[in-house]
Amino acid sequence: RLGHALMTDTRTMEVVSQLEKLERQAASPSKKGFFAKADDNIIASQLRSMISGCVICEEISGNMMRYYYTFIYLWKTDSSFRRKWEESKGLCIPHAASLAEMAQSQLSGNKLTEFNKAILHQLKESLAQDEADLNWFTLKFDYRNHDKPWGNSRDALERTINRLRGECIKNQKSE
């Protein structure tokens, strides 16, 4: 946490400095007359440039690339890892896509085909289960199903969104 705090502090100081410059630019009267509206685009463009190249985002991205590489390496070399992964709850679509991209450079031939099939199969199976649970979740709101058990459907909406989008949405009732 300290490392991230130090990087965040440095990055924030840099952004504040850039914002001060941008604020001075915005406060000065435009000499463009008819084209003064174009300054809005310049401000938006400069604000967007502040969010590109973020030290924290780049570090997280770098760590994720190492995780993808390690995942593929272990999948390729460690049968116990492969077995545990096959028994897991699976991946979200964005991470599956990233792993498939990384696999292009790390695997070839039959191994690449096998890896892609494994990712797609597990993703399809997990998402099919999420969908079945989500369907039951919706049916539980019918008065005829009021007394029937929830099964695994209570958190189906959150699980499905997490799997589809890669977002981390928590079940509000569990907090």
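Axes are lines fitted to C-alpha atoms, for helices over the stretch in contact, and angles run from 0 to 180 degrees between N-to-C directions. Helices (H or I, at least four residues) and strands (E, at least two) are DSSP runs, numbered from the N terminus. The model is predicted: local features need pLDDT of at least 70, side-chain atom pairs count only at pLDDT 80 or more, and totals for chains, interfaces and linings use all residues. Residues are numbered from 1 along each chain as its sequence is written, and side-chain values use heavy atoms, with hydrogens and water left out.

**Exercise 1.** Determine how the axes of helix 3 and helix 4 cross.

*Solution.* Step 1: the axes of helix 3 (residues 55-77) and helix 4 (residues 79-87) come within 6 Å, crossing at roughly 110°. Step 2: helix 3 is therefore roughly perpendicular to helix 4, given that angles under 35 degrees count as roughly parallel, over 145 as roughly antiparallel, 65 to 115 as roughly perpendicular and the rest as oblique. Step 3: on the helix 3 side, F71, L74, W75, K76 and T77 make the contact (heavy atoms within 4.5 Å), and on the helix 4 side S79, F81, R82 and W85 do so. Step 4: by class, the residues of this contact of helix 3 with helix 4 are five nonpolar, two polar and two charged. Here Ala, Val, Leu, Ile, Met, Phe, Trp, Tyr, Cys and Pro count as nonpolar, Asp, Glu, Lys and Arg as charged, and the others, Gly among them, as polar.

**Exercise 2.** Describe how helix 5 and helix 6 pack.

*Solution.* Step 1: helix 5 (residues 93-106) and helix 6 (residues 109-139) have axes 10 Å apart and pack at an angle of about 175°. Step 2: helix 5 is therefore roughly antiparallel to helix 6. Step 3: I93, A96, L99, A100, A103 and Q104 of helix 5 meet L112, F115, N116, I119 and L123 of helix 6. Step 4: the contact of helix 5 with helix 6 comprises nine nonpolar, two polar and no charged residues.

**Exercise 3.** State the secondary structure of the protein.

*Solution.* Step 1: there are seven helices and zero strands. Step 2: buried residues make up 21% of the 175 residues.

Definitions and conventions. Buried means under 20% relative accessible area, exposed over 50%, partly exposed in between (1.4 Å probe, protein chains only).
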